[in-house]
Amino acid sequence: MIGILHRQRKKQEQRRLEIAILRHNPADPTSTPQLQSFHIEEAEGMTLFIALNEIRSTQDPSLQFDFVCRAGICGSCAMLIDGRPGLACRTLTRDLGPRITLAALPFFELIGDLSVNTGKWMRGTSERLQTWIHDHAKVDADALEARMEPELAEAIYELDRCIECGCCIAGCGTAQMREDFVGAVGLNKIARFRLDPRDQRNDEDFYELIGDDDGVFGCMALLGCHDVCPKQLPLQTQIAYLRRKMALIGLT
Amino acid sequence: MTALIDNKGSNELLAADASGQRVIHAPTAMPLRQSQRKSRWPARFDLLQSASGLFLALFLMAHMFFVSTILISNEAFYTVARFFEGAYFLGKPYPILVSAVVIVIMVIFIAHSWLAMRKFPAGYRQYRAFIDHKNHLRHNDTSLWWLQIWTGFALFFMATIHLYDMLTQPALIGPYESADRVWTGSMWPLYLLLLFAAELHASIGLYRLAIKWGWFTATTPNRSRRRLRWAKHSLSAFFITLGLVTLAVYVDLGRNHAAHAGERYVSPQHSTAPVRH
Amino acid sequence: MEIIHSDVLVIGGGLAGLRAALAARKRGQKVIILSLVPPKRSHSAAAQGGMQASLGHTAKGAGDNEDVHFADTVRGSDWAADQEVARMFVHTAPKAVRELAAWGVPWNRVQAGPHEVIIDSQRITLNEPEAAHGLITARDFGGTRKWRTCYVSDGTGHAMLYAVSDQTIAAGIPVHERMEAVSLIHDGTRCYGAIVRNLSNGKLLAYVARATCMATGGFGRIYRSTTNAVINEGIGAAIALETGVVPLANMEAVQFHPTAIFPAGILVTEGCRGDGGLLRDVDGHRFMPDYEPEKKELASRDVVARRMEAHIRSGKGARNRFGEHLWLDITLLGEAHINGKLREVKEICQHFLGIDPAKEWIPVRPAQHYSMGGIRTDAHGAARGLRGLFACGEAACWDLHGFNRLGGNSVAETVVAGMIVGEAIADFCASAEGDMHVSTALVRDCWEQENGRFSQLAASRGGESASQLLLRMQTIMSEQVGIVRNGEALAAAVDELKALLLRSRQIGLRTSAPGANPELTTAWRLQKMLKLALCVAYGALQRTESRGAHFREDHPQRDDAHWLKRTLAYWRDAEQRVPTLEYETLDIRRMELPPGWRGYGARDAIEHPETALRLAKIEQIRSELGDTDRHTMQQALMPFRHLLPPHLRGANARLEENA
């Protein structure tokens, strides 16, 4: 069924897209949030990165949005695409309808139009959760490195792949209601450092960071995070695992 | 325990560099004193919320099976009812035992409601934020939680009525007694709503528990989700069907017994109270 | 006017800037980092395949050491690298990898025992030594004689950037995000910081610092087809150029990566070929062995990119509606390998091409990838021309890479240079030289000058459109100053770029929104980018030889006799339309490895008379020293350790050495 629809669309002539963007410039006191529609001709292989740049260069040079790598690696361009959080740079217009609505990620501080300050929030989260290796030994960079099982290194990388795009926060029901919630990005980082033998912290230390309703116990397992994560991180299982470990600390 | 470093004191890491040169002396990291230790209650509350929910869901299933014994025969239901009054252990039925069970259930029920309500939207702003989020995300698990809130909210009233009934009239559980309550007592609309609310709430709750704690995992998270979702749908469907059929039998029984409403069921096998053999 | 003071101002929050900041901070300096974007979004994150460091733990890396890495790097550079710097680099790279390992980078590790790999399209079983189990492993990359590229799947840059960024957070170094340095505060001899524009609200600020470090990355966006992120516009290098006293070196040395997906230009890592991937043409024929029988797909990037373009020109390109391309075939690596070690490649193929690279070939064509040139510095990262100004990473011409950089050497350079330059900055700040006497009048003048420029530009209502001029510049660069160059096209390019520079003064803005105005930003940056483009094109026009990535059809030979020198481009007068070029000769008499054949590519260099003399001298030193250890021998040929900070001078442990 989907295959048939897809093929039909490919056969179709070039589409004219309507891209409705929720505009707002907080720096301008007269600005109020409103949807503004732009019309462009769809091109083959067009991504939202291409479409938005075309709109900015040919229709409205004041349109604000953030792209950096435009390859789905850096996490700058997360936005609500037809209501769902995703990376705009790697979203092909052919996978969307002829009318596309774009809005800034909720939850984060709005800079303007589609641009939000995820960086500030992520840095705050890193500071709050102390997302670095805690090891008081002095590094001897001349000596052979400490050994690690290959599977363990791969397992750590699996969790290290987070790009801090903010999609999980925007997809999280809890975060919409409680702004101090660490979210999947924060919990995943704790899971990553907990797994890493180079980090000397134990579960009691981690409990100090996430053992409350703004931490792992605030998660209601709605799984918006897991389902929108552009890197397909195993958030569902990692948060469950942390919950078990932190609940055990609660019994001490 | 490794000393945790407060953020400003995190410069201590600077001592761990590769350079043999001058390093700055970071403020000494203060080991967290015992009194500063983070409260263990959030963990315990979370465990209690899950445990109470699990208990109530299992109770609900068992309850449904007991109530549905009416499908076998009046006598079967009668036997089950007397069983819970301790008739087969104590020589004669003690309805007070039912009241005691009801009190325990009520306590757990209220505890569960209180624990769960902590997660409800606090105030209109949060309520709106969640609704907007749910509506634009169009995400199954998020919407399910909304259902969970509303069924939970409804249960708080409806189940309380039912529990109060059982608490105050523990002796009136029997084929005719119950059927009269359903029909002549006009309780069937409540039971109908209660059935849907309770069964949906319980099956979603069990599903959520399994996800939350990582039970019954398959090779990939998505595969375990699919499996759990199937189990959730099956549970809902099974118990709602069972409940509807059972309720229909009670309605039927109640209508036929309406003329004699209030008359109690007398077991043909035991014209007197059953005695222990 | 708001003035923010610090000891050290690091401009750029990528790996090089962060690591330099960390080094200076550890020495007690107050450091502020400015970044266009949150640091973890920097383009360093896009480095996929890995980082070279001669650990030599693997079966295919056995026998590797600094000497081999050094020779590969110098050959790769086509002898244009600064050999002392190359030595400092190869010596420090293993330390950098190990430090990063301690900071949490999940380097892939050696699994002892047999495992299957693809080499030259043959399935081969390698046996990894038991003694190396659990140590950092490595993959093959182009232009290297050993498997030396340490990696984290194909997200190496990401893992490194996150680990280093987290260290700067741990160290409490503030990062001022969404800030763009728009000019340097200087008096013609000493740098005192920068005038900075807040990209969120458009306000100009003054950052005054005793030392300023440029770590702003490359300028790939002056090309139309580039693997670079949209922030890689070279503004840092451009504002250094605009001081009039700081030269940009070797700007014509621009690397093209062989495998960018076509037409989007997004990089797929060299690791694809390192792990056994093949290049195929329209007929499915594997053509690289025809050109490079020895290194095949794994010759250096300049050679592979050139061979690919030549093959397309010979009519063997595949074609789709966007134009001609070739195929990268990694299907033979198998799904398991791709899912494990080439995940980002897989995701990129899925999202941008809609194909599964385990089943289908990837359309690729070379695209601009790296700027070997940049702010000319000494071995300690101090910029030429202005005291108190430093540079590191891709923004700098430290001159590790010469005219062609090896894959895996740049992400390594970022951290290695950060370690070394950061120490030098701390030394500078701790010395009397680091004292600063800056007048507030100078700061105010600089601020007012920039403020005036922005106001003027914002009010400008000329007839030119910034986005159109930008597109034209990018097109000229890709078409006329690309992989294959010739004098005629270059001269035409220079002429048109000069005209564009004039036209860019007539830009009219259509909007005047308060706060950050993206149109104003684009218009302002365009003028800087045009100057960089002119440095590249004019430098390429003047350099009448072929060396590394700079290939002239009309001068196809490497000409050591005339061109073994570094181009220095100055922009001394704001009104001049092309840069003033000067040249800095590379001294063969001090080289450890005198010019020769690279082992791949053309073998027709015009020799420098000094080469033979130096070779004889080296032979003499070798025979005099006789049977000595390699460190002593190296020290006799070209001492370099004195250039390193003392704590980086120690010997590196390997399984067979110093372990």
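Over which residues of chain A does pLDDT stay under 50? The stretch is residues 1-9, and the model gives it five contacts beyond four places in sequence. Contact means heavy atoms within 4.5 Å. The model is predicted: local features need pLDDT of at least 70, side-chain atom pairs count only at pLDDT 80 or more, and totals for chains, interfaces and linings use all residues. Residues are numbered from 1 along each chain as its sequence is written, chains are lettered from A and ligands numbered from 1 in the order in which they are written, and side-chain values use heavy atoms, with hydrogens and water left out.

**Confidence**

- pLDDT is the predictor's confidence in each residue, from 0 to 100.
- The complex receives an ipTM of 0.95 and a pTM of 0.94 from the predictor.
- Chain A has a mean pLDDT of 93, with 95% of its residues at 70 or more.
- Chain C has a mean of 96, and 100% of its residues reach 70 or more.
- Chain B averages 86, and 84% of the residues score at least 70.
- In chain B, pLDDT is below 50 over residues 1-34, a stretch with 83 contacts beyond near neighbours in sequence.
- Residues 273-277 of chain B also have pLDDT below 50, with seven contacts beyond near neighbours in sequence.

**Sheet in chain A**

- Helices (H or I, at least four residues) and strands (E, at least two) are DSSP runs, numbered from the N terminus.
- Two strands pair if DSSP finds at least two bridges between them.
- Chain A has an open sheet of five strands in the order 2-1-5-3-4, with mixed pairing.
- Its edge strands are strand 2 (34-41) and strand 4 (84-87), each pairing on one side only.
- Neighbouring strands of this sheet are turned by 35 degrees against each other on average, direction ignored.
- Axes here are lines fitted to C-alpha atoms, for helices over the stretch in contact; angles run from 0 to 180 degrees between N-to-C directions.
- Strand 3 (residues 78-81) of chain A pairs with strand 4 in the antiparallel sense, over four bridges.
- A:Met79 stands opposite A:Gly86 of strand 4 of chain A.

**Sheet and hairpin in chain C**

- An open sheet of five strands in chain C runs in the order 19-17-11-22-23, again with mixed pairing.
- Strand 19 (396-397) and strand 23 (580-585) of chain C are the edges, and each pairs on one side only.
- Helix 15 (residues 518-542) of chain C packs on this sheet and touches strand 11, strand 22 (565-570) and strand 23.
- The direction of helix 15 makes about 60 degrees with that of strand 23 of chain C.
- Two bridges join strand 11 (residues 248-249) and strand 17 (residues 374-376) of chain C, in the antiparallel sense.
- C:Leu248 stands opposite C:Ile375 in strand 17 of chain C.
- Strand 4 (residues 113-119) and strand 5 (residues 122-128) of chain C run antiparallel, joined by seven bridges.
- C:Glu116 has C:Thr125 of strand 5 as its bridge partner.
- This hairpin has two residues between the strands, and C:Asp120 takes a positive phi near 55 degrees.

**Backbone details in chain C**

- C:Phe262 and C:Pro263 are joined by a cis peptide bond, with omega about 5 degrees.
- C:Pro263 sits in the loop between strand 12 (254-261) and helix 6 (271-274) of chain C.
- C:Trp79 is not a glycine, yet has a positive phi of about 65 degrees.
- C:Trp79 lies in the loop between helix 2 (66-76) and helix 3 (83-102) of chain C.

**Cavities**

- On a 1 Å grid over the protein atoms alone, a cavity is a set of points where a 1.4 Å probe fits but cannot get out; lining residues have an atom within 4 Å of a point.
- Grid points are joined across faces, edges and corners, and a volume is the space filled by probe spheres set on the points.
- The whole structure has 15 cavities of 30 Å³ or more.
- The second largest cavity holds about 130 Å³ of space.
- Its lining has 19 residues, of which A:Asp160, A:Arg192, A:Phe193, C:Tyr162 and C:Asp166 lie nearest the centre.
- Helix 4 (150-160) and helix 7 (183-195) of chain A, and helix 4 (156-170) of chain C, each supply at least two lining residues.
- Helix 4 of chain C gives the largest share, five residues.
- By class, the lining has 11 nonpolar, four polar and four charged residues.
- Ala, Val, Leu, Ile, Met, Phe, Trp, Tyr, Cys and Pro count as nonpolar, Asp, Glu, Lys and Arg as charged, and the others, Gly among them, as polar.

Conventions
1 Å grid on protein atoms, 1.4 Å probe; cavity = no way out; pocket = protein on both sides within 12 Å on 5 of 7 lines; lining within 4 Å.
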